[in-house]
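Open the structure in your viewer and keep the selection tool at hand. Each stop below says what to select and what is there.

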Amino acid sequence: MRIAFDIDGVVTKICPLIAGIARELGYELDPTSFNQYYFRFFGVPSIKETSKIMEDILDILFTQRNDEIQPYDDALLVLPRLVSILNFHQEPVMFLTARKECYRKNTMEWLKKHFHFPFMVFHAGSRKKADFLKAHGYTHFVEDRFRTANQLATAGITPFLINRRWNVGRESVRGVLRVNNFFDIYYFVLLSQE
Ligand SMILES: [Mg+2]
């Protein structure tokens, strides 16, 4: 079993900051659209304009507000233990993110601040994650995006899909392992090794 990890929505909580930055820029998020992968702002009907606003918000988030990004508590507590039982010390932990590569430096800084095991970060758009993982011999991936988890399962990678507001209530394809948190993943890995 070789597991790699997504970053946003898995180890980082970015939704609350996105809403805050939007407000500072004078936009109000439509709460019914409030999730990590699809936002709508009141008074902004155009998808193109919405994408541009989101790009600006993410740029502020990953450059100026990097230090304010909070980790999920379960990831902070369990991931280092998971790393040790998976014998990852043989190789750095793989984080695979759809974040743009221009945010690499801050991404590395944030991870170094919160995790003290060796890791590496690769950037790949959501649709390219499956190919990347297969090419590098990974069998499992921890993800929060519903569509990506389905794509991975279809491609033969086993995704642990962490239940989040933006992915629950939808039926996943066969092969997606739904989990509540990193504790579930930890026990799954422990039991798989018995
Ligand atoms: Mg994510």
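Predicted model: local features only at pLDDT ≥ 70, side-chain atom pairs only at ≥ 80, totals over all residues.

Residues are numbered from 1 along each chain as its sequence is written.

**Whole chain**

Show everything. The chain has 7 helices and 8 strands; helices (H or I, at least four residues) and strands (E, at least two) are DSSP runs, numbered from the N terminus. The C-alpha atoms fill a box of roughly 55 × 35 × 30 Å along the principal axes. Of the 194 residues, 28% count as buried. Buried means that 20 or more other C-beta atoms lie within 10 Å of the residue's own, with C-beta atoms placed from the backbone.

**Two domains**

Colour residues 3-13 and 71-192 as domain 1, and 15-68 as domain 2. These bounds come from an automatic or database domain assignment. The C-alpha centres of the two domains lie 23 Å apart. Domain 1 puts 12 residues into the contact and domain 2 puts in 8; two residues are in contact if their C-beta atoms, placed from the backbone, lie within 7 Å. Now select helix 4 (residues 104-114), which gives the most to the domain 1 side, with 3 residues.

**The largest core**

Select Ala 4, Phe 5, Val 10, Leu 133, Phe 141 and Val 142, the residues with the most contacts inside the largest nonpolar core, which has 30 residues. A nonpolar core is a set of buried Ala, Val, Leu, Ile, Met, Phe, Trp, Tyr and Cys residues joined through C-beta atoms within 7 Å. Among the elements that each supply at least two residues of this core are strand 1 (3-5), helix 5 (129-135) and strand 6 (140-143).

Which residues does Phe 141 touch, not counting those up to four places away in sequence? They are Ile 3, Ala 4, Asp 6, Lys 129, Leu 133, Leu 152, Ile 157 and Pro 159.

A second, separate core has 7 residues, including Ile 14, Ile 21, Ile 57 and Phe 62.

**Helix 6**

Select residues 146-154, which form helix 6. Its buried residues are Phe 146, Thr 148, Ala 149, Asn 150, Leu 152 and Ala 153. Helix 5, strand 6 and strand 7 are among what covers them.

Technical notes:
Buried ≥ 20, exposed ≤ 12 C-beta atoms within 10 Å, placed from the backbone.
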